[in-house]
Amino acid sequence: MANNTTPSSILSRLAALAALPQEEATAMPPEMYHSTDIVDRERSHIFDQQWLCVGLSKAIPNTGDYLSYDIGSQPVVIIRQKDGEVAAFANVCRHRMSALLEGRGNTRAIVCPYHAWTYNLDGTLRGAPAMTKNDGFCKGDYRLPDVRCEEFLGWVFVTLNPDVPPVAEQLAKVEELVGDYDMAAYTETFFETHIWNTNWKVLAENFMESYHLPVCHAGTIGGLSKLDEMICPPGEEAFNYHTI
């Protein structure tokens, strides 16, 4: 009897469901939400390969403003440079791999809390206490590894994949759809972090559909959400959308 829960069989069933017309759509195989093998593949094929949005560019408007973010097991820091550009680096010291910056804030330099190795905002090593006593040490040999970082429509995106196409290329049609919103002018009024004890796809699906609006949001936009008038175009290669 064939094993129907191997990663290849799960993905085969998923592919078969995805090939159906939208009018015949059904939920994904249950294993997509709890298989550790699927999670590992999602990490390697999605989170380690694709662009991830980490926040509004104007959330870090000043030189030295930063925010930290974890892409899978890779800690990343995104920091505003002296020239006004945004750059991203691996958020671990090159000496003993200690985490450098946490949360959000502003800094004039990146200082390791373990041995006080100090990095400039561009990731280059400024100084390392007592290392001048080591004749083989050259601070020019040490800098924080770059993480690819781009801005698009006022948002900051990062990726661990140096070869993925630019955000503006992948999401060109998004700009056609929402360009008039002028999101580059948006400012952040508050920020919260929520940690959910669930599979990431459960959250993604909730925010990708309007089916729950008339009931769960009856007191606000629910009454304006006419499900019979909802338009769901076929999904694009890099994104999908619907209007209601």
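How exposed is Arg148: buried, partly exposed or exposed? With a relative accessible area of 23%, Arg148 is partly exposed (buried means under 20% relative accessible area, exposed over 50%, partly exposed in between, using a 1.4 Å probe and protein chains only).

## About the model

This is a predicted model, in which local features need pLDDT of at least 70 and side-chain atom pairs count only at pLDDT 80 or more, while totals for chains, interfaces and linings use all residues. Residues are numbered from 1 along each chain as its sequence is written, and side-chain values use heavy atoms, with hydrogens and water left out.

## The sheet

Let's start with the strands. Seven of them make up an open sheet with antiparallel pairing, in the order 1-10-9-4-3-2-5. Strands (E, at least two residues) and helices (H or I, at least four) are DSSP runs, numbered from the N terminus, and two strands pair if DSSP finds at least two bridges between them. At the edges sit strand 1 (52-56) and strand 5 (104-106), each pairing on one side only.

Strand 5 pairs with strand 2 (residues 65-71) in the antiparallel sense, over three bridges. Here Tyr66 stands opposite Gly105 in strand 5.

## Salt bridges

The structure holds eight salt bridges, each defined as a side-chain nitrogen of Lys or Arg within 4 Å of a carboxyl oxygen of Asp or Glu. One of them brings us back to Arg148, which pairs with Glu150 at 3.3 Å between the closest N and O atoms.

Another joins Glu31 and Arg13 through their side chains (3.1 Å, N to O). Glu31 is in the loop between helix 1 (7-18) and helix 2, and Arg13 is in helix 1, so this pair ties together parts that are 18 residues apart in sequence. Glu31 counts as buried at 15% relative accessibility, whereas Arg13 is partly exposed at 24%.

Arg80 and Glu151 also form a salt bridge, with their closest N and O atoms 3.8 Å apart. This pair links distant parts of the chain, 71 residues apart: Arg80 is in strand 3 (residues 74-80) and Glu151 in strand 9 (residues 146-152). Arg80 is buried at 7% relative accessibility, while Glu151 is partly exposed at 38%.

## Glu42 in helix 2

Helix 2 (residues 36-47) contains Glu42, a buried residue with a relative accessible area of 6%. Leaving aside neighbours within four places in sequence, Glu42 is in contact (heavy atoms within 4.5 Å) with Met32, Phe47, Trp200 and Lys201.
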